[in-house]
Amino acid sequence: MVLTKNIKKKTFILIIYFSHFRYLGTGQSLDSLHYAFLVGKSTASIIIRETCVAIWDALHAAVMAQPHKEQWKEIADVFQQTCQFPNCAGAIDGKHIRIKKPVRSGSQYYNYKKYFSFVLFAMCDANYSFRYIDVGSYGSRSHSAVFAHSEFGQMLQNKALDLTEHTALPGTTSPAMPFVFVGDKAFALGENLMRPYSSRGLSLARRVFNYRLTRARRVVECAFGILANKWRFLHTPIHLKLETAISAVKAACVLHNFVRARDGYNFEDSLTHSLHSHRPSVVRGHRQGAAVREQFTAYFMSPHGALPWQLEAI
């Protein structure tokens, strides 16, 4: 009798394990899980939610902890080696996660692409690992608004990220430059946040800056592509309750980091993806941010900072 109970318990645990990873890995519907594992659709939904929460609780402190001062420097060193953008502490962007319309949500989750979604905002390093995520903001909100109201955005604004002290760019002795994050035109320019110049009437130096920034910023888009190709439930609308869908995305992000830390990922530039980026906003940066951007622009045109192929690439 005891043996029979243990067998049943182990069988149920296997059902939980395989149904959860079958959903994340393939995006199969609850109907498919119902027939594949002979569990009710409501039971399958509960299994997915509880397992995702458990995965997040178990892994996020280990694989997505906030970097400390030395780690920020290590992240910046990799950006310099792989993207040739010095003093870069991370790349930021947002991704719309397609969902079914939440009950009594009005148009809050209806985005400019004309479908329902919530936003996955992320900051990642040059190894395509997520260092911070914010999941669940209304799809109708811009990426800059999601960033500004996120814990990460607030910490950056309040100088609470424990970033490395200002450091001169490679090959120079002055001025001491801050460590920055790179984003697209949806984000506001700041001392620690670089965005491209407006595309109108750009000088050669500013076109080079935009190219160099794009080389660094694209890693977050690539990270989203790797995430979606590994966990294919992100390729289709998520037909789960909103709270469960958010938990599933958070679990996928920490599993992404866990797999990368364990196995690595041989990424090819040809493995690009279609990322639903928000329309560029008209936010304006303050003078300090503009001065930092001009310093980077001058450096990228100098003998110490120029790349041999950059003029051919723009």
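Guide: Welcome! Let us start with one term: a salt bridge is a side-chain nitrogen of Lys or Arg within 4 Å of a carboxyl oxygen of Asp or Glu. The model above is a predicted one, and by this rule it has eight salt bridges.

Visitor: What makes D162 and K69 a salt bridge?

Guide: The closest N and O atoms of D162 and K69 are 3.7 Å apart. The cut-off is 4 Å, so the pair qualifies. The two residues are 93 residues apart in the chain: D162 sits in the loop between α6 (151-157) and β4 (167-168), and K69 belongs to helix α4 (residues 69-83).

Visitor: Why are D162 and K69 called partly exposed?

Guide: Buried means under 20% relative accessible area and exposed means over 50%, with partly exposed in between. D162 has 37% and K69 has 27%, so each value falls in the middle class.

Visitor: How do you know that D125 and R131 form a salt bridge?

Guide: From N to O, their side chains are 2.9 Å apart. That is within 4 Å, so the name applies. As a general point, side chains of opposite charge can pair when their charged atoms come close.

Visitor: Are D125 and R131 buried or partly exposed?

Guide: D125 has a relative accessible area of 4%, under the 20% limit, so D125 is buried. R131 has 23%, between the 20% and 50% limits, so R131 counts as partly exposed.

Visitor: What makes E294 and R206 a salt bridge, and which parts of the chain does the pair tie together?

Guide: Their closest N and O atoms are 2.9 Å apart, which is within the 4 Å cut-off, so they count as a salt bridge. E294 is in helix α9 (residues 287-300) and R206 is in helix α7, so the pair ties together parts 88 residues apart in sequence. E294, at 36%, is partly exposed, and R206, at 34%, is partly exposed too.

Visitor: Which residues do salt bridges with shared partners join into one network?

Guide: K69, D162 and E165 are joined in that way.

Visitor: Which residues of α7 and α8 meet?

Guide: From α7 there are A223, I226, L227 and K230, and from α8 there are A252, C253, H256 and V259. These contact residues divide into six nonpolar, one polar and one charged.

Visitor: What is the order of the strands in the open sheet?

Guide: The five strands run in the order β3-β2-β1-β6-β7, with mixed pairing. β3 (130-138) and β7 (193-194) each have a single partner strand, so they stand at the edges and one side of each is left without a neighbour in the sheet.

Visitor: How do you know that β2 and β3 pair?

Guide: Two strands pair if at least two bridges are found between them. Strand β2 (residues 117-124) and β3 have seven bridges, so they pass, and their pairing is antiparallel. In these strands, C124 has F130 as its bridge partner, while L120 stands opposite V135. β2 and β3 form a hairpin with five residues between them, and Y128 in the turn has a positive phi of about 65 degrees.

Visitor: What makes β3 mostly covered?

Guide: Seven of the nine residues of β3 are buried, and buried means under 20% relative accessible area.

Visitor: Why is Q154 called partly exposed?

Guide: Q154 is at 34% relative accessibility, which lies between 20% and 50%, so Q154 falls in the partly exposed class. Q154 is a residue of helix α6. Leaving aside residues up to four places away in sequence, Q154 touches A148 and H149.

Visitor: How many helices and strands are there in the chain, and what share of the residues counts as buried?

Guide: The chain has ten helices and seven strands. Of its 314 residues, 48% count as buried. Among contacts between residues at least 6 apart in sequence, 69% join residues at least 24 apart.

Key. Residues numbered from 1 in each chain as written. Predicted model: local features only at pLDDT ≥ 70, side-chain atom pairs only at ≥ 80, totals over all residues. Heavy atoms only, no water. Contact = heavy atoms within 4.5 Å. Helix = DSSP H or I, 4+ residues; strand = E, 2+ residues; numbered from the N terminus. Nonpolar A, V, L, I, M, F, W, Y, C, P; charged D, E, K, R; others polar. Buried < 20%, exposed > 50% of the residue type's maximum accessible area, 1.4 Å probe, protein only.
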